[in-house]
Amino acid sequence: MVDTVQNAARTPDHAQPWSELGLTADEYDRIRVILGRRPTGAELAMYSVMWSEHCSYKSSKVHLRRFGEVPTTTPNGSELLAGIGENAGVVDIGQGYAVTFKVESHNHPSYVEPHQGAATGVGGIVRDILAMGARPIGVMDPLRFGPLHEPDTARVLPGIVSGVGSYGNCLGLPNIGGEVVFDRTYLGNPLVNALCVGVLRHEDLHVAKATGAGNQVIMYGAATGGDGIGGASILASETFDATKPSKRPAVQVGDPFMEKLLIECTLELFAARLVTGIQDFGAAGISCATSELAAAGDGGMHVELDRVPLRDPSLSPEEILMSESQERMMAVVEPGDVDAFMAICRKWDVLATVVGEVTEDDRLIIDWHGETVVDVDPKTVAHEGPVYERPYARPRWQDEVQSNGSGSLERPQTGDELAETLLQLVASPNLCDKSWITDQFDRYVRGNSVLAQPEDAGMLRIDEETGLGVALSTDCNGRFALLDPYAGAQLALAEAYRNVACSGAEPVAITDCLNFGSPEDPAIMWQFTQAIAGLVDGCQTLGTPVTGGNVSFYNQTGTTPILPTPVVGVMGVIEDVTRRTPVGFAVEGDAVYLLGE
Amino acid sequence: MAKIGVVTFPGSLDDHDALRAVRVAGAEAVPLWHGSDSLDGVDAVILPGGFSYGDYLRCGAIARFAPVMDEVIRGAEAGMPVLGICNGFQILCEAHLLPGALIRNDVRTFVCCDQKLTVESSATAWTSQLQAGQQIEIVLKNGEGGFVADADTLARLEGEGRVVFRYAGSNPNGSMNDIAGIANERGNVVGMMPHPEHNVDALTGPTLDGRPIFASVLDFLSTRV
Amino acid sequence: MARVVVDVMPKPEILDPQGKAVTGALGRLGFSGIAVRQGKRFELEVDGEVTPDRLADIERAASTLLANTVIETFDVRVEDDTEGTVDEAAPTALGGTDHPGHDIDHLDETR
Amino acid sequence: MARVVVDVMPKPEILDPQGKAVTGALGRLGFSGIAVRQGKRFELEVDGEVTPDRLADIERAASTLLANTVIETFDVRVEDDTEGTVDEAAPTALGGTDHPGHDIDHLDETR
Ligand SMILES: Nc1ncnc2c1ncn2[C@@H]1O[C@H](COP(=O)(O)OP(=O)(O)O)[C@@H](O)[C@H]1O
């Protein structure tokens, strides 16, 4: 029997598995206060996923606010068209064009199931870019692995590389750069960060907002299955049995072909002006899409959950709300446009279903076969999650780490020793040629890749007539960040900035993906705050706005955290891509200069 | 002006590049839709690269049944020039317009590289502007590019001079006899794994060696009328 | 609801890079003396009964779509409903029971 | 020489994009009412006899190498030598004979 709102009001003492869903006692109590009753199972599912660290940024929010100090005007004088808080930031690059780009992590899923984890990581960030109204035009993939010779790296690396490759290749998005770094701390916790860049005309900008009472809410793309809902099956089973393994897979399987159709279909819907608001499905699935769309709009939303097309008919409402099935989107459409919307979806063989509508009041109401299972203020789900001021402190071992310099290391004395050292260096997986990985990625598709591997920055042509283009680079040296997280983050920023500048483009904006250990450890929290301070100060000095990013906490194996890894992506604009500067000596007889100290 | 069509299947990726290459060559580029049963009066057709239908079953296996393919097959049999690039080559094999099949690369990974090729035949609608024996470099990117055929078919292809391109240097995918491209008996239908449409613009391609391929078909079409 | 299984294997004379790689990997893992060929298995859930007509349809589908008979052979067979099949969630060990598959046809055509 | 067959299928709750694509294609080709899941079939030619030890080895190999048990299930069975098998060239119709496969195990593990 489903747990309806009525039922919840009648049975205040019904025990609920809030702890198994990752909520604290305080958080559960707060939900009860907000609702004035206990939550239904479906509401508990929504709050628990939306208030998770991943979705609510509860440990990082207070520090991310510091990014507000950074100007939101790019060096070439234009205001960001969309900034932090949107699916992805949008930067005006002139001539009526705008560019949106963002980097996100998919670390843990990629450890559990490397190929699918990495593939769906790419899929997720591509949908974020698409949801802004942009055509995705390229991807990058900063990766971190344990030592190359470790057996578990042999399990993880090929799958992650093939996952990134197969998804991006199959979508027809050129891979224009990335990183591959090996360090012991990533052995049990590899990092898969994925960046996507997209282009749009100013007037095509879309936002995740449900407005206009009577407008229809349409889900389109793949049917919903039991993917990635491990925790929700607890809710589905009447009694929680910790000894029984979940039948619901915590892994998601990607279908890049479906996503390719979704991209082309969505762009055609945009072009036909049939979409008033749009949101992709990422983590937290329908919970996230409905609550965020409704919270951002001027009304409420009424959803009939039983209309959602299912791949697995046995799913409970809680599971449907939490499912992370890939390749789905939600659009808000004026009633008169629904037929045209459906026709375009049919053309692309994309399943589309009206699942609800925008309402006058400000409630998010979700029904299941005529009974109400969710009745909430969407803002409390999407934006008013808990906020933590976690304690942070510079760890005692920091001095020791810093004083352990290279001075004590032996130096090569003879020519032979020097040669030996050099060979060791060039053979090191961190320094050697990366083509054994990058050759598995298509860097040519779409025919606009001006620079890609092995260049310092990737560069894409945006406009064939004028030669307008953008350049991107991502960087981070986690060893520097461990030594000094403030300076380490700035070095990441500076390196990406230099790489873009060297390509011939003017750096104009950044995105970041902050990969750290557990925020419950004050030392990690200190690293985190330092890294943010470094980025904020760095961006202020350089005058580059932060368009958005992603925080990934709990990257550790047991008590051993990864190196603090604040990956920074810098985007630059070049007026005429024929004036790019590739790396390498081009013409015999050219002079060679050294700039800087 | 000659009209050259490029078919977009669900999952085609290099269709825009192929259209651009046609324009660069100086012909009218006509986008064609997989679900249509008309070729809109084009003089030649290109089946572009990509992952039609995700290529989950076998590359090209599902696309081969698209409605537009009936017309492509009819045209090809009547002598119309047809070029299959990568996924397009796979579709042509699945449609039995070309013999043999393409299987998983022997290295079992996707391979993207700038590949040296030897031109083996200039006696096709798509290679008249190249010389047999000439070395060119074309972008190669595929996961299932290993050409296979039974011994008889292979002997026939070699004997009749229907191997059009061969991998030079190293064989990137385990193709039999280093075959990178073949033609039908008449020479109007050519399939190749490398992507000449990525070699028409000095800014975005490593060489301009793809241009003669598109120029060849224009030449073929102009002499035919 | 009936189940029809279509097995598709690379022809013996055709190179099988995947099978070769698996064979090599098995050897490296210490499982020696095993040669592997890798093909595909399709499980078809058919609405209603599998009449001879229906089966003929499926065979046609197998020879035109599921297999490329230039390089692959295929085998179509109807399976009993009662069978413990691979993709059922129940982790019951079926050791000892006869595999109740039913060979209907066995083709090796070359178009 | 004995043959062991390992069938590997996507778990039922896992998305099967391959099967989905094939299902769609069959529908468009006019073969309706058929839902397909696509998996892999491995044919292992084993030198010598398939002893219980040997079989246990193969099962281990199946669970570690042939199948990705996070998303797939597998089934291992020994086949008779005498059987008309898929990749043998003889186009004999085996209609009516019992499929002589032998179900040894049936696992649904999650690593
Ligand atoms: N995971 C990856 N994906 C795509 N490109 C990558 C990846 N890793 C490295 N690259 C590219 O390979 C080239 C060489 O990388 P790297 O050796 O890290 O260069 P550098 O040391 O100059 O930063 C660069 O163009 C970089 O963008």
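## Around the ligand

Fourteen, written 14, is the count of residues that surround the ligand, with A:Asp141, A:Asn175, A:Lys434, A:Pro454 and A:Glu455 the closest; a residue gets in if one of its heavy atoms lies within 4 Å of the molecule. This is a predicted model, where local features need pLDDT of at least 70, side-chain atom pairs count only at 80 or more, and totals for chains, interfaces and linings use all residues. Residues are numbered from 1 along each chain as its sequence is written, chains are lettered from A and ligands numbered from 1 in the order written, and side-chain values use heavy atoms, leaving out hydrogens and water.

Strands β3 (135-145) and β4 (175-182) of chain A each supply at least two shell residues, and β4(A) gives the most, with 5. Strands here are DSSP runs of E, at least two residues long, and helices are runs of H or I, at least four, all numbered from the N terminus.

## Polar contacts

Now for the N and O pairs within 3.5 Å. The side chain of A:Asp141 puts an N or O atom 2.3 Å from a ligand nitrogen. Backbone N or O atoms also reach ligand oxygens: one from A:Glu455 at 2.4 Å, and one from A:Gly178 at 3.2 Å.

## Two helices side by side

Elsewhere in chain A, the axes of α7 (residues 114-131) and α10 (residues 256-271) come within 11 Å and cross at roughly 5 degrees. Axes are lines fitted to C-alpha atoms over the stretch in contact, with angles from 0 to 180 degrees between N-to-C directions. Angles under 35 degrees count as roughly parallel, so that's what α7(A) and α10(A) are.

How values were computed: Polar contact = N/O pair within 3.5 Å; in protein donor to acceptor, adjacent residues only side chain to side chain. Parallel < 35°, antiparallel > 145°, perpendicular 65-115°, else oblique.
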